[in-house]
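Biologist: I'd like to learn how to read the features of a model like this one. Could you take me through them one by one?

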Amino acid sequence: MRCLLGLFVTIILLGCGGGSGSNDNPTSPPSSSSPTTSPPQSNDERPIITTDGISIYGQTEVMLGESAGFVTLHQTDSDIDVKWQQISGPDVELLANNSQSIGFTPQEAGAYQFQASVEVTGDTTDVFLDFTVVQGTKPFTVMLDHAVSELDSVSFHAFNNTDIDIDSYRWTQVSGPTISDITQQDDFLFFDAPEVASDNLVVFEVEAQFSNGMTDSERVQLLINNVDYNRSGLFFDNDFFITEDMHAYNQNSPYKDVIENCVYDNRIPSTPNCDFSRLPLIGMQTSNPSVQNILDRTLVSHQWMGARFKQFLEASSTSDDMLRLLRGVTAIVISYEVRPSFYWAATGAIYLDANNFWGTPAERDTLNDRPDFRSNFGDELSFQYFWRYTKNNQYYPAGRYPKSERQNREFSDIEASISWLMYHELAHANDFFPPAEWSSISNSFTPLAYFRTSGADSDGLDRTFPLTSAQMHELAAVRYGGQTPSSQQRNY
């Protein structure tokens, strides 16, 4: 089983269980080709609506099969909250309706109207946006207009809507701060967002060259949020750049404020100060948690992720196990930017890659496709590491869902993808905070302080049966820590 054991600022972070859990992604990263990208051609993107200092960017007309999206900016660059809702037209599922940027792929032609409720320093302005989807099929499109924090990783994916092969893609940055260190593999584009002094709009244009000589182009928008970081804080020090869209799945949760500020936020100090009196382990409060107890501790980047988690807890055959094992955590974080999943003793929370949770192509479109950073660890070695999960001697999950085929995922495969991941991460949680100790933990401890005092149950195993091979420890540092192998190791 692949598992990364890392020591960051003397805090144990256990990032394990692979990246996506979707089974159709290769275990090695996409190979990089020379990026066919160009620097920004202009910075004169014009909004389609301007009112009360609010600017909305996007297209007012698209074809069927074409991705659509809108980005909201405010002239003061204040922190703004945006709530999107559809007013009229064929139903569209807005999966990021609490973000400054939304993206979606309409399925029916017609006239649509959306409302953006934009709150700036306590004042709300409702902006109405008319939008048309015309008949015909766009030959290809790019997923998906969205927002990211500065410095965070970004991915875009182009989709072919025809039966004709596409020979090449050319990605050109049209506007916004120059993006460097871009990795392209055919229809995928990956990069890290640049640091910005204010919210910035970035636009890429993609040209596809079809095998029959036809060409087509498409644009995609990215909003880069200027973020208030604690630059000596827990997450920034460990190269985590968290979306501004994180929110409690249950907005009426008694733990809403504390989970939004204590477990996954760019401003958390390097020594977290949320003690168990503010956010206790679930098992410190109840020995028999309900699904609602768990959902009250769930933090998500997109509301659909919490809904899938709820579906899993209610319908999975593993539900009884999971409810008991979840007693060992303070919170559950599910986000599109978590990759790989991990458990962190610093906060007592588990952090889950949302690739394990998607059920529809639209949900999948909101996820980051960038490969797990560990994917090429050990590639220079002359041997391979293999692992798989099985049930009844069959792959678990059993289904295969190539992204290009735009399939819904069976619940049995969603269940499998979440189950193996949860068993893995919750094993870590219950090792660091063993059930026998929950009742005796003082509320004055933070998770980190308690761990530093008590250690983990598995420490006893290491003391009794230590692993003593220097060669294997060194190989583990290559395979799981990313160290460069020696010539001797390459010759094994």
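This is a predicted model: local features need pLDDT of at least 70, side-chain atom pairs count only at pLDDT 80 or more; totals for chains, interfaces and linings use all residues.

Biologist: Fine. How many salt bridges does the structure hold?

Modeller: The general idea is that side chains of opposite charge can pair when their charged atoms come close. The cut-off here is a side-chain nitrogen of Lys or Arg within 4 Å of a carboxyl oxygen of Asp or Glu. By that rule the structure holds 15 salt bridges. Take Arg 308 and Glu 363, whose closest N and O atoms are 3.0 Å apart.

Biologist: Which parts of the chain does that pair link?

Modeller: Distant ones: Arg 308 sits in helix H4 (residues 303-315) and Glu 363 in helix H6 (residues 361-365), 55 residues apart. Helices here are DSSP runs of H or I with at least four residues, strands are runs of E with at least two, and both are numbered from the N terminus.

Biologist: And are Arg 308 and Glu 363 buried or exposed?

Modeller: Read that from relative accessible area: buried means under 20%, exposed over 50%, and partly exposed lies in between (1.4 Å probe, protein chains only). Arg 308 has 16% relative accessibility, so this residue counts as buried. Glu 363 is buried too, because its relative accessible area is 5%.

Biologist: What about a pair within one helix?

Modeller: Look at Lys 310 and Glu 314, which form a salt bridge with their closest N and O atoms 3.0 Å apart. They are four residues apart in helix H4, so about one helical turn separates them. Lys 310 counts as partly exposed because its relative accessibility is 28%. Some bridges also share partners: Glu 45, Glu 205 and Arg 219 are joined into one network that way. Then there's Asp 372 with Arg 374, a salt bridge of 2.6 Å from N to O. Both of those residues are buried.

Biologist: Now the surface. Which residues form the negative patch?

Modeller: For charge, a patch joins like-charged residues within 9 Å, each with over 30% relative accessible area and no salt bridge; for nonpolar side chains (Val, Leu, Ile, Met, Phe, Trp, Tyr) the joining distance is within 5 Å. Asp and Glu count as negative, Lys and Arg as positive, and His and the chain ends are not counted. Here the negative patch is made up of Asp 79, Asp 81, Glu 119, Asp 123, Asp 228 and Glu 244. Glu 244 belongs to the loop between helix H1 (234-237) and strand S19 (247-248), and counts as partly exposed because its relative accessibility is 39%.

Biologist: Last, the backbone. Where are the cis peptide bonds you'd show me?

Modeller: Check omega. From Met 143 to Leu 144 the peptide bond is cis, with omega near 0°, and Leu 144 lies in the loop between strand S11 (140-143) and strand S12 (146-149). The bond from Arg 339 to Pro 340 is also cis, with omega near 5°. Pro 340 is in the loop between strand S21 (331-335) and strand S22 (342-344).

Biologist: And what is phi near in Asp 186?

Modeller: Near 55°, a positive value in a residue other than glycine. Asp 186 lies in the loop between strand S15 (183-185) and strand S16 (188-192). Arg 406 has phi near 55° as well, and this residue is found in the loop between strand S25 (394-395) and H7.

Key:
Residues are numbered from 1 along each chain as its sequence is written. Side-chain values use heavy atoms; hydrogens and water are left out. Accessible areas come from the Shrake-Rupley method with a 1.4 Å probe; for residues, only the protein chains shown count as cover. The place of a charge is taken as NZ of Lys, CZ of Arg, CG of Asp or CD of Glu.
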